Amino acid sequence: MAALRVAIEEKRFPAVGAAPEKHVLGRVHFAAAAGETVAITGPSGCGKTTLLNIVAGLDGDFRGHVERPPSGRIGYVFQEPRLLPWRTVADNLRLVLAGSREEQEQRIARILAEVGLADARDVFASRLSLGMARRVAIARAFVIEPELLLLDEPFVSLDTPTARRMRLLLLELLAAHRPTTLFVTHDLREAVTVADRILVLSHPPAEIVADIAVPLSREARSDESAVEEFRLRLGDFARLLEREGTSA
Amino acid sequence: MARAIGETATLPGTAAGASQQLGRAVAIPVLSLLALVALWQLLAWLAAEPRLMPPPAAVFARMVAEARSGALFSHLGITLVRVVASFVIAMAVGIAIGILLGRVRFADAFGGPWLVFFLNLPALVTIVLSYIWIGLVETAAIFAVAINKIPNVAVTLREGARALDPALAEMARVFNVPWPRRLRHVVLPQLAPYVAAAARSGLALIWKIVLVVELLGRPNGVGFQIATFFQFFDVAGILAYALAFVAVVQTIEWGLLQPVERRIARWRR
């Protein structure tokens, strides 16, 4: 049974001042099974973030319908970490947690250990490096045990080795917690490493132009050459993304 | 300024540098205040008219005498209560109005002109009208002071409410953060610098208006005392009470407002 069903017919942004009206999304229909990780990729400016905001329920101004998991537990990792700089790492996690204080503390300790930040528990978020702040943002999304996890280019503007470590960390967390996941990225290698399936969006008004299964094992995903080999097999799509990306 | 190599230059960050910096931070204001006292002494000496221009020592002696008789503390206390009461009311109402105007476009469009009107209304007018309409009572005094300050607080907080980060609001929404928690952890910390600015300018403005209110229609307080001394051209008395109250307000600033501000700003690098 599908945990997430998206049936968007149309999304437009109204004209503001001199900027004309933008028809961002066309017909975008897809479903994701419980525990499935779906990557969404496409040229820049094709409405990937808009799609996530609609799925998250942040943007209700569209034509169509979205069926989310009934619990309403949605974890969202934004492009920027969006932490409260005036609160500590632990307090940032506590902000999104329900339940008794004791239970909250247990969950915070567990997730911080998982992302390797147990020592940073009482550090103000304003003092974290970008890489650490990103990990806290990921911890915040996982600490609520989300049924639906949304990730919007969570590794953008990290250096290559850090980004690779983060991809592998995400892979581990996904395997351990199994949320239904939408993962927006413009990087095919990232998509191949993490996702069970890759949806490719076209230029706006965006529609799904390809739905590619990624039948790689856990081991193959943490092996860079295997990921690269699979990515090369998707060469046509890679070229499409690059061409459209540069023209955007 | 060029320095010869080998000359001892204390670097910031070293222990010696830190204590030197601290020394400078204290020494310059103290020197500056001493210069002011010296200037006063000089003017008193030039005027050679101790009744109209008493020297610092005379004013200090007067302050001690008023303190011994108990009059100084009783009037200071009453004025302080009025300051605190109108300060609390003005901050609470002004913050609420400011947030409303900053967040709700219609409220801003409708309430904006009112704000401009009250900002430009002379304090004297609100004081006199309050006494006429409400009577020569405590309520009228505190009401008049609060009405004078509320528009300033509202304008400052309106800016703060406009500057609230929508990205954090979205985050709180997606994660279903309950609204009391959202207010406490997400919204109020963003408004804190604006509240601090309003509090600081508020304290400075309010105590001055309170003195006028007391002068016009209360039977006690520092303002009332100054009005009495005015009738006898008692400049030493006027200065004694004025300086005593400046000291009280400055103590509140150092002892309360600044520590609170430092605590709130702890997370900044």
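**Figure 1. Confidence along chain A of the predicted model.** Chain A has a mean pLDDT of 88, with 94% of its residues at 70 or more, pLDDT being the predictor's confidence in each residue on a scale from 0 to 100. Within chain A, helix H2 (residues 89-94) has the highest confidence, at 96, and helix H9 (residues 235-247) the lowest, at a mean of 58. Where pLDDT is low, the predicted coordinates should not be read in detail. This is a predicted model, in which local features need pLDDT of at least 70 and side-chain atom pairs count only at pLDDT 80 or more, whereas totals for chains, interfaces and linings use all residues. Residues are numbered from 1 along each chain as its sequence is written, while chains are lettered from A and ligands numbered from 1 in the order in which they are written.

**Figure 2. Overall fold of chain A.** Chain A contains 9 helices and 10 strands, these being DSSP runs numbered from the N terminus (helices H or I, at least four residues; strands E, at least two). The C-alpha trace of chain A spans about 45 × 45 × 40 Å along its principal axes.

**Figure 3. Packing of H3 and H9 in chain B.** Helix H3 (residues 71-103) of chain B packs on helix H9 (residues 222-231) of chain B at an angle of about 130 degrees, their axes lying 8 Å apart; the axes are lines fitted to C-alpha atoms, for helices over the stretch in contact, and angles run from 0 to 180 degrees between N-to-C directions.

**Figure 4. Domains of chain B.** Chain B is divided into domain 1 (9-48) and domain 2 (56-267), with bounds that come from an automatic or database domain assignment. The C-alpha centres of domain 1 and domain 2 of chain B are 30 Å apart.
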